[in-house]
Amino acid sequence: MRAPPGTGAPSWLTARPIAHRGLHDRAAGIPENTLAAARAAVARGFAIECDVQLTADGEAVVFHDFALGRLTERSEPVASLTAAELARLAVAGTDETITPLPAFLAAIGGAVPLVVEIKSRFDGDLALTRRVAEVASGYDGPLALKSFDPRVVAALRALVPERIPRGIVAESSQDDPAYAALPESERRALANLLHLEETRPDFLSWRVDDLPCAATYLGRLLGRLPVMAWTVRTPDQRARAEAHADQMVFEGFVP
């Protein structure tokens, strides 16, 4: 899996498989989106994908869900607690805690590429985007930013240096509840990359089960945009990613 010729994206972006939320293994006491998962990925030389949420005091922390219930003993929204309060919560019953993005970057220290997904409710709130941009701009290691929200990706163009690639995360059908409030016209735009003039992404991150599709095919052919396939968990999905993408975001096995 290689980036298409002529792409403006850096070669490190697709050079190695990308560990989804780090190289996590909950049964082994390594929860997703934790420093332990990041260190496990670094130890094997894999790039890392992580998610960030906004805290009550405006910090970006590495956590996927909007609420705490799936992975901690608390159930409140992440945004209702401060970074210090979140740092005291055990993740999945382990010694791992919820890490602020600056500390997460410091721990990785440029050892492997990092792809940060900025979570969004599609409500126009760019507070998290601005904080991530501030932190990312001071990081010297290989780092890319992405989001499902075109407004976030478009905003990043003015917020981060050109050396930091920006990507759009998407899928061909919007059956997730996260899209429930979006009008049909906006869902169609997401599925067909009708926001390209606004977002101008450096790469695409697409749901593997939707490949191949016209959006990624044309993005690679005409826009020279490398495609990451998410989330690869099975041999069939891996074969699909190898045939139709430039790198995979994987989980549940070690390539």
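**Salt bridges and a helix: a chat**

Visitor: Lys-119 and Asp-51, are they buried or exposed?
Guide: Lys-119 is buried, and Asp-51 is buried too. Buried means under 20% relative accessible area, exposed is over 50%, and partly exposed lies in between (1.4 Å probe, protein chains only). Keep in mind that this is a predicted model, where local features need pLDDT of at least 70, side-chain atom pairs count only at pLDDT 80 or more, and totals for chains, interfaces and linings use all residues. Residues are numbered from 1 along each chain as its sequence is written, and side-chain values use heavy atoms, with hydrogens and water left out.

Visitor: What do the side chains of Lys-119 and Asp-51 meet in?
Guide: They meet in a salt bridge, 4.0 Å from N to O. That term stands for a side-chain nitrogen of Lys or Arg within 4 Å of a carboxyl oxygen of Asp or Glu. Lys-119 sits in the loop between β4 (114-118) and α4 (127-137) and Asp-51 in strand β2 (residues 47-54), so the pair ties together parts 68 residues apart in sequence. Helices (H or I, at least four residues) and strands (E, at least two) are DSSP runs, numbered from the N terminus.

Visitor: Which residues are linked with them in a network of salt bridges?
Guide: The network links Arg-21, Glu-32, Asp-51, Asp-65, Arg-70, Glu-117 and Lys-119.

Visitor: And how many salt bridges does the structure hold?
Guide: It holds 18. One of them joins Asp-175 and Arg-207, with the closest N and O atoms 3.7 Å apart. Asp-175 is in the loop between β6 (166-170) and α6, while Arg-207 is in strand β7, 32 residues apart. Asp-175 is exposed at 57% relative accessible area, whereas Arg-207, at 17%, counts as buried.

Visitor: What about Glu-242 and Arg-238, how are they placed in helix α9?
Guide: They're 4 residues apart in α9 (residues 235-244), which means about one helical turn separates them. Glu-242 is partly exposed at 46% relative accessibility, and so is Arg-238 at 29%.

Visitor: New topic: which residues are buried in helix α8?
Guide: In α8 (residues 214-223), those are Ala-215, Thr-216 and Gly-219. Seen down the axis they fall within an arc of 95°, so they line one face of the helix. The arc is taken from the directions from the helix axis to the C-beta atoms.

Visitor: Which exposed residues are on the face turned away?
Guide: Ala-214, Tyr-217 and Leu-222.

Visitor: And what comes just after α8?
Guide: Arg-224, with a positive phi of about 55°.
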